Amino acid sequence: MQSTQSDVNNSKDLYFYASILILVAILGIWFTSLVFELGGAGVYWIAGIAFGVTVQRSRFCFTSAFRDYFLLGQTRILKGILVGLVVASVGFAMIMSTVVPNPDFGSPPSDANLLPVGLSTILAGSLFGVGMVLAGGCVSGSLYRMGEGYVASWVVILGVMVGLFFLNNTWNWWWDNLISTESNIWLPEYLSYSGSILVTLISILFILYLAVRKERKVNAGFVMPVITKKFSEPHITSTLGEIFSYFKKPFNTEWNPILAGVILAFINILLFIKFHPFGVVGEISRWSTDISQVIGFPELELRGLEGLGACVMIVTEGSWFTEGFFFNVGIIAGSAASSILSREFKVRIPKSPRRYIQSLIGGTIMGYGAGLGVGCTLGAFFSAIPSLALNGWVYGAGLCVGAYLGVQIIKRFP
């Protein structure tokens, strides 16, 4: 009994010291970004940390939202996404209306996730949807699971980089034969800001109604359990100990996905005010390109990128420490910190080699789709719809098609 209690105390001490080290590392990197004046890197580092903590505590994953709806009829995460879209759409509209007061006579804000819309958009979303279901996570979802200790998620991101490599080497064909002929459609130019918001909100509410209606039919009487962890904490004997206990409480219970959707929407709004909305694919594409050049592949000249927004790859020279780098790594760090504080961190190694193959193939398909659509579920969907851009809706339709096909594949080949 004494040995068991000693093991428990040692485990608590390990988690406590690991949490302190992570906190010091997070603050240290943030301080370094300020000292070396790395632009908005410090802001994106904190935003990435907040993003990672939020999605880890709520299991907020775009793949789960689409896959669970088609596979199980569940809308738990989907509700959070839809509510987040409502909040972000209102916030984005307020920001854009201050930059371009009259959309009839001005160009759309350059930082909005507005992209050409057409066949390439639906193809990109469909490929991404299939890939994310096969891989078991979208790009942002794989990043946060990397922080939780999922080895398969590291393989997924490797696959994404491979897919982006193939897309970058075929991009000019897509641009010359398809994308360059497609048009940007920004809703306020046709409907005004108020009309665009009204159409957007009605559309989201209609989708929510259909989703909940199906859920009630498929899962009548079933209630998704909420995970609540109870740890035997020692009696608090000091003021400092009581203050620390306040910070522990959020990590003892799984967060509501709707709350998570609202939090992510506000983070996205704050980033848009000063910089640009969420996006992770452009940075990973840069990693893929830089590594391929180190290996010996020739430098690519990608046509048309200078006129696009969203998650376009930004070519940098001399340093890897860009805003995108800090945001992506921040997601991993935030998830790692959250999973350690909640005592959920564990190195999870797939038992079957088949899982590695599935992760690599799914990641590759997903990476190709993300490159073709110049964004993933985060940049080309969750940030594009609030930008009042039609491409966000079309990409979302593609995600539905791809996720449905992906579910049929995993049902047939489990």
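**Close-up views of a predicted model**

At 13% relative accessibility, Glu254 counts as buried, and the views described below, like this residue, belong to a predicted model.

**View 1. The salt bridge between Glu254 and Arg76.** Glu254 forms a salt bridge with Arg76, in which the closest N and O atoms are 2.3 Å apart. Because Glu254 lies in the loop between helix H9 (239-248) and H10, and Arg76 in helix H4 (residues 76-99), the pair ties together parts that are 178 residues apart in sequence. The two partners can be compared with the 20% limit under which a residue is called buried: Glu254, at 13% relative accessibility, falls on the buried side, whereas Arg76, at 23%, counts as partly exposed. Ile258 itself counts as partly exposed, at 35% relative accessibility.

View 2. Glu148 counts as buried at 3% relative accessibility, while Arg59 is partly exposed, with a relative accessible area of 29%. Salt bridges that share partners join Arg57, Arg59, Glu148 and Glu344 into one network.

**View 3. The edge-to-face pair of Trp45 and Phe326.** The count of aromatic pairs in the model comes to 21. In this view Trp45 and Phe326 form an edge-to-face pair, with 6.1 Å from centre to centre and 90 degrees between the planes. The pair links distant parts of the chain, since Trp45 is in helix H2 (residues 41-58) and Phe326 in helix H12 (residues 323-341), 281 residues apart. Both Trp45 and Phe326 are buried.

View 4. Phe51 and Phe278 form an edge-to-face aromatic pair, with their ring centres 5.3 Å apart and 85 degrees between the planes. Phe51 lies in helix H2 and Phe278 in the loop between helix H10 (257-274) and helix H11 (281-295), so the pair ties together parts that are 227 residues apart in sequence. Phe51 is buried, with a relative accessible area of 1%, and Phe278 likewise counts as buried, at 1% relative accessibility. Ring pairs link Phe51 and Phe278 with Tyr44, Phe275 and Phe327 into a cluster.

**View 5. Lys214 over the ring of Tyr69.** The charged end of Lys214 sits over the ring of Tyr69, at 4.4 Å from the ring centre.

**View 6. A nonpolar surface patch.** Leu158, Val162, Phe166 and Leu360 make a nonpolar surface patch of about 320 Å². Helix H7 (residues 151-177) contributes the largest share of the patch, 3 residues, and Leu360 is found in helix H13 (residues 353-372). Leu360 is partly exposed, with a relative accessible area of 33%.

**View 7. The cysteines Cys376 and Cys400.** Cys376 counts as buried, at 0% relative accessibility, whereas Cys400 counts as partly exposed, at 32%. The count of disulfides in the model comes to 0, where a disulfide would require a pair of cysteine sulfur atoms within 2.5 Å.

Notes
Residues are numbered from 1 along each chain as its sequence is written. This is a predicted model: local features need pLDDT of at least 70, side-chain atom pairs count only at pLDDT 80 or more; totals for chains, interfaces and linings use all residues. Side-chain values use heavy atoms; hydrogens and water are left out. Patches are made of residues with over 30% relative accessible area and no salt bridge: like charges are joined within 9 Å, nonpolar side chains (Val, Leu, Ile, Met, Phe, Trp, Tyr) within 5 Å. Accessible areas come from the Shrake-Rupley method with a 1.4 Å probe; for residues, only the protein chains shown count as cover. A salt bridge is a side-chain nitrogen of Lys or Arg within 4 Å of a carboxyl oxygen of Asp or Glu. Helices (H or I, at least four residues) and strands (E, at least two) are DSSP runs, numbered from the N terminus. Buried means under 20% relative accessible area, exposed over 50%, partly exposed in between (1.4 Å probe, protein chains only). Rings of Phe, Tyr and Trp (its six-membered ring) pair if their centres lie within 6.5 Å; planes under 30 degrees apart count as stacked, over 60 as edge-to-face and the rest as tilted. A charge sits over a ring if NZ of Lys or CZ of Arg is within 6 Å of the ring centre and within 35 degrees of the ring normal.
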